[in-house]
Amino acid sequence: VISQTTHKDSMTSNLPDHNFIVPKKLHIPRYLTTMKFSLAVLSVAATASAFTAFNAPSRSIGASRVATSGVFAPVAVRNVETQLAAKQTPHGGSLVDLILKSDEEKEAAVAACTKELQLSPRQLCDVELIMNGGFSPLTGFMDQSTYESVVENVALPDGLIFGLPVVFDTDDEDLQPGDKVLLKDGDRNIATIEFTDKFLPNKAVECKKCYGTSEIEHPGSLMVATERGKYYMGGKITGLDLPVRDFPCKTPAEVRETLPDDVDVVAFQCRNPVHRAHYELFTRALDDPLVGENGIVLVHPTCGPTQADDIPGVVRYKTYEVLKEETHNDRTRWEYLPYSMHMAGPREAIQHMMIRKNFGCTHFIIGRDMAGSKSSVTGEDYYGAYDAQEFATEKGPELGVMPVPSLNLVYTDEEGYVTADEAKEKGLSEKKLSGTKFRQMLRGGEDIPEWFAFKSVVQVLRENA
């Protein structure tokens, strides 16, 4: 059974705006064949339905705050006692934990499955964050009504703010609601899922709403169009075992146990190696008047899939580890997040703030053009430099996380790192090094100035080039 929106006004005069826009010249990652790309674009462009006004149902799959029963009830939800180890309340009120604790429970869950599936790297990240509580209050992949609510309203059907949809995608025609499936990563059992519905999403509308564009030169739109399957399926997750990764990813409960419960915790998100300016930015954030006395920084990089040309997660992890040793500071903590980036700008800023709230953070540093992206054709930015900051400031009170705008720092010969305004006011001599030039120097074996990058980080990058 495949459900699909069939409102009479779903085909409107605005439909051309909801189609994927395919440029004449588009760089496609090498792992995508021309046929796969063409079929994917035709599939999403041909989606018939468009979002129209709908009444949210009284119960919705995957949100633990919604009272449900029977087949729709969340499974194995535990209120984690350690959630009180940090001062921040989890999103939705309680920290979800779907991971079964005994071998007997796990064996019974596996035995109930009639099929098994291998998870893609992006799906693996999502499953992990659902079952460990990083996506609290979700207890599974979003069903159609929840998906549409988040796409359209940046909120779950009950009104709780949520940045981006969390969906299970597939091309499998045989998978049906009611199926219980074992989800695997290689030979390792990760979770089981009981599917609750199956639907054809309007991917073009999803991209237009979530990424601000349906142009497939946006990396998020390209991912939706060419990597995700034809169908989305809602389903309840039961956790078996966390993935084994080259970088350790503590659960929200484990991270909360390490955090003080009487001071502010400021999260810093990054997806690239940390250089000098980044370090100055997140350490100076503790001096922001929005942050209470004796606050600490949680540096929480994402180590899952990002853009095709980003540095691999394992290499990024190595740079963080050497920098953690080199810059040891009791007010700086380092943990790692198995999250798959969308490069969704303002909407992704909300998603990151929500996740870090579940990890115990009270504040979140919003950098210039956070989670931003450029057109792979024109090179133009999809978002303004401060779009994410403005959206986070607007939604912060509702979310319960205080956004901390990042300082615009520059390096000067006279006084080291200062704000750009201060450098201009004092007439200081700025030094600049673009990311493109840095990569050229890195490949060419040239000396990298220490005001720009840490020696330990540069060494790791060269060893893993």
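Residues are numbered from 1 along each chain as its sequence is written, and side-chain values use heavy atoms, with hydrogens and water left out. Because this is a predicted model, local features need pLDDT of at least 70 and side-chain atom pairs count only at pLDDT 80 or more, while totals for chains, interfaces and linings use all residues.

Confidence comes first. The score used is pLDDT, the predictor's confidence in each residue, from 0 to 100. Averaged over the protein chain, pLDDT is 84, and 81% of the residues score at least 70.

Next come the sheets. Helices (H or I, at least four residues) and strands (E, at least two) are DSSP runs, numbered from the N terminus. Two strands pair if DSSP finds at least two bridges between them. For angles, axes are lines fitted to C-alpha atoms, for helices over the stretch in contact, and the values run from 0 to 180 degrees between N-to-C directions. At one end of the order, strand 8 (residues 296-299) joins strand 9 in the parallel sense over 3 bridges, and Val299 has Trp334 in strand 9 as its bridge partner.

Another open sheet has 3 strands in the order 13-12-14, and here the pairing is antiparallel. Strand 13 (416-419) and strand 14 (430-431) each have a single partner strand, so one side of each is left without a neighbour in the sheet. Between strand 12 (residues 409-412) and strand 13 there are 4 bridges, in the antiparallel sense. Tyr411 sits opposite Tyr417 of strand 13. Helix 8 (residues 276-284) lies across strand 12 and strand 13, and runs at about 55 degrees to strand 13.

Some helices are well covered. Buried here means under 20% relative accessible area, exposed means over 50%, and partly exposed is in between (1.4 Å probe, protein chains only). In helix 3 (residues 121-131), 10 of the 11 residues are buried; among them are Arg122, Asp126 and Glu128, along with Leu124 and Met131. Just after helix 3, Gly133 takes a positive phi of about 95 degrees. In helix 14 (residues 455-463), the buried residues are Ser456, Val457, Val458, Val460 and Leu461, and they pack against helix 9 (313-326) and helix 13 (435-444).

A few single residues round out the picture. Asn202 is found in the loop between strand 5 (188-199) and helix 5 (203-210), and counts as buried at 5% relative accessibility. The side chain of Asn202 reaches the backbone nitrogen of Val205 at 3.0 Å. Lys208 belongs to helix 5 and is partly exposed, with a relative accessible area of 35%. Although Lys208 and Ser221 are 13 residues apart in sequence, their C-alpha atoms are 8.5 Å apart in space. Asn153, in helix 4 (residues 144-153), is partly exposed as well, with a relative accessible area of 45%. The C-alpha atoms of Asn153 and Gly163, 10 residues apart along the chain, are separated by 9.1 Å.

Last come the cysteines. With a disulfide taken as a pair of cysteine sulfur atoms within 2.5 Å, the count comes to 0. Cys270 is in no disulfide, and the nearest cysteine sulfur, from Cys303, is 8.2 Å away. Cys270 is buried, with a relative accessible area of 9%, and Cys113 also counts as buried, at 16% relative accessibility.

Technical notes:
Contact = heavy atoms within 4.5 Å. Polar contact = N/O pair within 3.5 Å; in protein donor to acceptor, adjacent residues only side chain to side chain.
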